[in-house]
Amino acid sequence: MDNFNKIIKNFTFGGIGQNLIYDLMTGAYLFFFTEAAGFSAATIGTVLLVVRIYGLIADPIAAVLIEKTDTKWGKYKPYITVMPVVISLLLVALFYHPPISQGAYLVYIYILTILFWTAYAFFDISYWSLVPSITKEEGKRMKLLTVAKMGILFAAFGLGIVQMPLVNLLGSGNYNTGFLYLSIILAVIFTIEGVTLAKSLSLITEDVDSKGKAAKEKVTVKQMISALSANKPLISIIVAKMFIYIPVSLKGALVIYFYKYQLGNDSLGSFASMLSLPLTLFLVAFAPKLIKKYSDKKIMTVFIIFQALISMLYIINTDVSSYYIVIDGVSNALLGVYSLLITNMVASTVEYGEWKTGHRTESIIFSTNTISSKLATGLSGAFAGWILTGIGYTPTGTQTVETLVRLQYVLAIVPAVGLVISAFLLRSYILTSDRYKQICADLAEGKHEHD
């Protein structure tokens with residue numbers, strides 16, 4: 001148990017560092033390159049789309065390379081050791097504004113963004129692939145994920161609280177300077193926590209050895225593809241996730257413009273994060289108790305419908321900032337619960353896939369989770385950029401009343417529609433707790449569905 005608690009602590013710290021970097025890249029990328037660098041929203045939206053199309057090819061390749069990695073340090077340690085440093089350097093380089101022409105600067109952005117997300121894929125897939133290897137016990141896995149997600153969400157909302165005030169403080173009102181200094185701080189944190197996690201992987205290896213290792217047979221690319229296509233619960237949860245994260249992340253990318261130009265304060269998101277933080281921690285801490293009584297699917301469905309309803313409240317026009325802050329705070333808190341539930345549901349599909357096909361492919365299965373997250377945030381950023389241009393947004397300029405009205409309708413309607421669709425898609429997720437336990441029992445006896 002002491003070993004397991006150490007694993008939880010180090011796993012959580014690694015996730016905190018990683019997600020601080022991720023949240024800055026997904027939450028501030030569009031805003032930084034429009035408001036600080038002066039590019040049009042459509043231009044940066046196109047960058048995000050191109051990078052995500054590239055990711056659809058590069059990320060599966062990264063997953064296959066990780067799955068086939070066989071070194072004396074194990075499958076994941078090489079990537080968890082090296083990539084935090086690489087990712088951190090690329091983050092700082094991205095938020096550095098070089099003294100070059102806008103055309104050359106755009107090329108610079110394309111190259112560094114592609115390199116950043118490539119390195120991130122190797123770390124992220126390796127990191128989350130550790131989960132089913134650490135433990136197959138639902139109770140212990142939920143404890144691991146709950147503690148890790150609480151730490152990650154605490155850091156994420158903490159960053160949301162301090163990001164814009166800190167950017168304005170560090171840069172004395174200059175976005176270029178402020179975001180650069182913030183990126184340096186987060187890069188140092190991730191590097192330190194990444195090194196700590198890498199050093200602790202011997203604990204994880206020992207724990208895995210004591211519970212039995214996965215089969216060592218070589219799995220071909222064809223078998224990996226077959227394992228994915230046969231894993232219907234995985235497909236169900238990933239598709240449903242996309243219809244949550246794309247519209248909600250789109251709102252997250254746009255809302256800072258609403259705060260700045262409609263409500264007159266670009267730091268209002270800090271107050272929404274202040275509300276989200278305790279509410280998220282409470283919901284995530286309470287989630288395991290709900291899961292014991294109800295299924296992951298039922299809990300998610302109820303929260304999704306509730307979030308869709310409160311999203312529509314955004315359509316009401318008022319100058320009272322706290323009204324929108326409460327809506328955004330509650331919505332952001334629910335996203336934290338989805339993150340926990342989805343990760344747990346994806347982890348369950350590892351055993352389902354092994355039982356279904358006879359091949360265990362943690363890296364490939366968890367790559368679908370990380371790829372879908374990155375694809376959702378990339379597409380939402382691209383759509384946000386094009387929407388801003390389409391409604392008449394002018395970078396660093398004064399926005400018209402028509403532009404702000406259209407922006408408000410987007411913030412209300414788009415998330416609600418996506419959430420309702422997701423609730424319907426979740427109905428096809430069939431991997432209940434009882435069925436999962438039976439599958440684990442079958443695997444322990446060496447049984448598979450095709451036997």
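Student: Axes are lines fitted to C-alpha atoms, for helices over the stretch in contact, and angles run from 0 to 180 degrees between N-to-C directions. At what angle do helix α9 and helix α14 pack?

Tutor: First, this is a predicted model, where local features need pLDDT of at least 70 and side-chain atom pairs count only at pLDDT 80 or more, while totals for chains, interfaces and linings use all residues. Residues are numbered from 1 along each chain as its sequence is written, and side-chain values use heavy atoms, with hydrogens and water left out. Now the pair: α9 (residues 232-262) and α14 (residues 401-425) pack at about 165 degrees, and their axes are 8 Å apart. The numbering runs from the N terminus over DSSP runs, with helices being H or I of at least four residues and strands being E of at least two.

Student: Why give an angle and a distance?

Tutor: Two packed helices are described by the angle between their axes and the distance between the axes.

Student: OK, which way does α9 run relative to α14?

Tutor: They are roughly antiparallel. The scheme is: under 35 degrees roughly parallel, over 145 roughly antiparallel, 65 to 115 roughly perpendicular, and the rest oblique. The crossing of α9 over α14 is left-handed, which means the near helix is turned anticlockwise from the far one by less than a right angle; clockwise would be right-handed.

Student: What kinds of residues make the contact of α9 with α14?

Tutor: That contact has 21 nonpolar residues, four polar and one charged. Here Ala, Val, Leu, Ile, Met, Phe, Trp, Tyr, Cys and Pro count as nonpolar, Asp, Glu, Lys and Arg as charged, and the others, Gly among them, as polar.

Student: How does α9 meet α12?

Tutor: Their axes come within 10 Å and cross at roughly 155 degrees, so α9 and α12 are roughly antiparallel. This crossing is left-handed. In the contact of α9 with α12 there are 18 nonpolar, three polar and four charged residues.

Student: And α10 with α12, at what angle?

Tutor: Helix α10 (residues 268-293) packs on α12 at about 35 degrees, with the axes 7 Å apart. α10 passes α12 in a right-handed crossing. By class, 17 nonpolar, six polar and one charged residues take part.

Student: What span should α12 have?

Tutor: α12 covers residues 321-357, which is 37 residues, and at 1.5 Å a residue it should span 54 Å. The expected span is 1.5 Å times one less than the number of residues. The end C-alpha atoms are 53 Å apart, which agrees.

Student: How many residues of α12 are buried?

Tutor: 30 of the 37, so α12 is largely enclosed by the rest of the structure. Buried means under 20% relative accessible area, exposed over 50%, and partly exposed in between, using a 1.4 Å probe and protein chains only.

Student: Can we look at single residues in α12?

Tutor: Asn344 lies in α12 and is buried, with a relative accessible area of 4%. Leaving aside neighbours within four places in sequence, Asn344 is in contact with Arg141, Met142, Leu145 and Asp296. Contact means heavy atoms within 4.5 Å. Trp355 is also in α12, and at 11% relative accessibility Trp355 counts as buried. Just after the helix, Gly358 takes a positive phi of about 90 degrees.

Student: Is Ser172 buried or exposed?

Tutor: Exposed, at 69% relative accessibility.

Student: Back to helices. Where is Thr12, and what does Thr12 touch?

Tutor: Thr12 lies in helix α1 (residues 2-36) and is buried at 8%. Not counting residues up to four places away in sequence, Thr12 touches Tyr127, Val147, Ala148 and Gly151. Trp355 and Thr12 are 343 residues apart in sequence and 29 Å apart in space, C-alpha to C-alpha.
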